[in-house]
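Take a moment to look over the model below. We will start with sulfur links and then turn to the inside of the fold.

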Amino acid sequence: MKTYILLSVIAISVIFSANQHTAQACEEGWFGPECQYKCRCQQPCSPEGECPDKCEVGWFGYKCQYSLIKYTATANQSQEDITELLNDDDETTCIDIGEQLIVLDLNSICYNPWIRLFTPQQDLLYSLKVSFLDINSIAVLATSNERLLVRDNIVDIHISVNDDFIKYILLEGEVIQQLCTVWVISGQNVATKQNVYYSNSSINRIDTNLPQYPQASDGVYTCDESDAGHTGNYWEIVMNPSFVFKEFDFYVNDVFGVYRYFTIQGFDNDGEVTNTFSSPALQSRKVYGIVNYWDNPIKAFTFFVTNYSTNKTLPLLLCEVEAFAECSEGTWGVHCTNTCNKNCPDLCRYDDGLCNNACFGYSDPPKCTKVCKTGSWGLNCTKTCSNHCYNSTCNSKSGVCDRGCLGYTDYPQCIRECETGFWGFNCVNDCDRCVDSSCNSKTGWCDRGCAGFSDPPFCSISCLTGSWGVNCTNKCSNSCVELSCDSKTGFCDRGCIATNCTMGKFNEDIISIIATGSFWKCACAF
């Protein structure tokens with residue numbers, strides 16, 4: 001047993017040393033088991049790709065592998081430029097504005113980006129609303145509800161949209177008054193160190209027997225443009241594994257001055273062409289690129305440029321290719337090689353694999369399947385519904401009184417109290433049994449006594465015959481027939497008698513006629 005343990009320790013040490021040696025064997029600026037990942041740190045990264053300080057400008061996230069989309073941020077009403085505050089990567093410098101709409105104007109169009117923001121007011125995230133506009137400021141419709149993946153004070157926002165490109169992002173809600181940083185992410189460049197092939201003949205199926213040109217995926221955008229020995233009319237990039245792509249960029253040595261168009265073809269895992277894109281006529285350029293919305297996994301893609309006049313393909317040297325993709329649900333990390341853990345197997349943070357630790361309207365992060373119990377709402381159901389809400393019931397996510405108010409009139413906000421004389425559900429009940437029609441706006445209890453009833457504050461028991469007024473403390477006049485009078489006013493309700501007039505005279509004056517009959521005010525006439 002001791003020998004086995006010793007040998008195991010030795011074996012583990014040898015394996016660790018070998019792995020360490022392999023990781024350290026990468027050239028500076030590269031990392032990974034096959035040195036296939038490019039370091040995007042401002043300072044040299046570790047053999048595992050960790051950054052000692054910040055990412056290079058334009059890169060973000062786990063091991064700085066995510067490409068950022070630049071934008072200009074404006075507070076909608078004041079038109080204040082808040083771009084610098086939201087882009088400084090400093091979680092201590094936050095905006096403090098009174099407005100509830102921020103417009104992000106993206107420097108370039110994109111398809112289905114995801115958004116990460118940092119806010120110290122995590123509990124206000126329920127108020128966040130995200131919407132998109134295209135380049136013509138027309139609304140881009142979402143195909144799914146927004147998904148918020150919250151981890152402490154950081155929230156990732158994922159929203160799928162129709163086949164439209166996004167130019168503007170609108171952020172609305174109370175939470176935007178306290179934002180510190182906003183990142184808009186296009187995806188990872190997964191083409192680096194993938195196999196690149198070239199040919200002078202068209203490529204109709206995936207072909208890995210063609211000559212290779214590794215420089216086209218080495219992370220360097222320039223190449224020896226005089227290297228005619230490696231030019232090709234058709235270029236093929238074979239991926240391992242397949243990805244769903246959002247953007248392609250091709251850096252070439254195009255020196256021809258004629259108009260041309262470029263074509264990209266996508267191949268599935270069976271090697272068949274599944275997607276084709278051809279551009280309109282363009283002038284010669286050094287970079288050709290598209291933002292696309294292919295929604296199927298692509299195993300390989302080809303690129304070629306065609307003379308617009310002759311319809312013949314042009315020989316080119318491909319200096320560098322970039323292909324940006326996003327992890328599918330359930331995967332994360334550099335080139336999406338990791339799977340989410342068992343606590344959140346279907347959705348974790350794309351860049352570091354962490355699970356959601358906060359739910360809005362649910363009590364069981366990270367799954368978020370148990371709806372808040374009645375009377376609670378908000379982040380992990382830790383808030384209590386306002387007593388302004390009817391039956392103390394409110395929306396489990398926003399806390400608004402979605403079933404009505406109690407003692408308030410402005411459903412569903414319920415912040416404006418009932419006017420004097422009304423109470424209860426949305427203030428539809430009146431206080432007619434109370435003195436001066438004054439009652440508690442929630443319970444209806446008479447806070448100044450009863451008018452014609454004897455049991456304050458409920459005021460549900462009518463005055464006995466012969467009594468009237470506040471809490472039935474007054475006696476009906478002896479001039480009333482059978483000592484009977486109205487319980488609120490004291491006026492005789494059955495008529496008057498003259499026996500109490502000292503001068504022997506009597507005046508019967510009908511002063512009011514209501515639905516219950518006539519009332520008399522009995523008095524002696526002189």
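Is the link of Cys 476 and Cys 485 left-handed or right-handed? This is a predicted model, and in it that link is left-handed, with -70 degrees about the S-S bond. The two sulfur atoms lie 1.8 Å apart. Both Cys 476 and Cys 485 are buried.

The structure holds 20 disulfides. Another one joins Cys 385 to Cys 394, with 2.0 Å between the sulfur atoms. This link is left-handed, at -70 degrees. Cys 385 counts as buried because its relative accessibility is 5%, under the 20% cut-off. Cys 394 is buried too, at 9%.

Now find Cys 372 and Cys 381. Their sulfur atoms are 2.0 Å apart, and they form a disulfide. The S-S bond has -90 degrees about it, and the link is left-handed. Cys 372 has a relative accessible area of 10%, so it is buried. Cys 381 is buried at 14%.

Next, the nonpolar side chains. In soluble globular proteins, such side chains tend to be buried together. Here the largest nonpolar core has 42 residues. Among those with the most contacts inside it are Phe 245, Phe 250 and Ile 264. Strands that give two or more residues to this core include S13 (181–189), S16 (245–252) and S20 (298–307). The core draws at least three residues from each of domain 1 (66–189) and domain 2 (195–326).

Zoom in on Phe 250. Its contacts include Ile 237, Ile 264, Phe 301, Phe 303 and Leu 318.

Notes:
Residues are numbered from 1 along each chain as its sequence is written. This is a predicted model: local features need pLDDT of at least 70, side-chain atom pairs count only at pLDDT 80 or more; totals for chains, interfaces and linings use all residues. Side-chain values use heavy atoms; hydrogens and water are left out. A nonpolar core is a set of buried Ala, Val, Leu, Ile, Met, Phe, Trp, Tyr and Cys residues joined through side-chain atoms within 4.5 Å. Buried means under 20% relative accessible area, exposed over 50%, partly exposed in between (1.4 Å probe, protein chains only). Helices (H or I, at least four residues) and strands (E, at least two) are DSSP runs, numbered from the N terminus. Domain bounds come from an automatic or database domain assignment. Contact means heavy atoms within 4.5 Å. A disulfide is a pair of cysteine sulfur atoms within 2.5 Å. Lists of a residue's contacts leave out its neighbours within four places in sequence.
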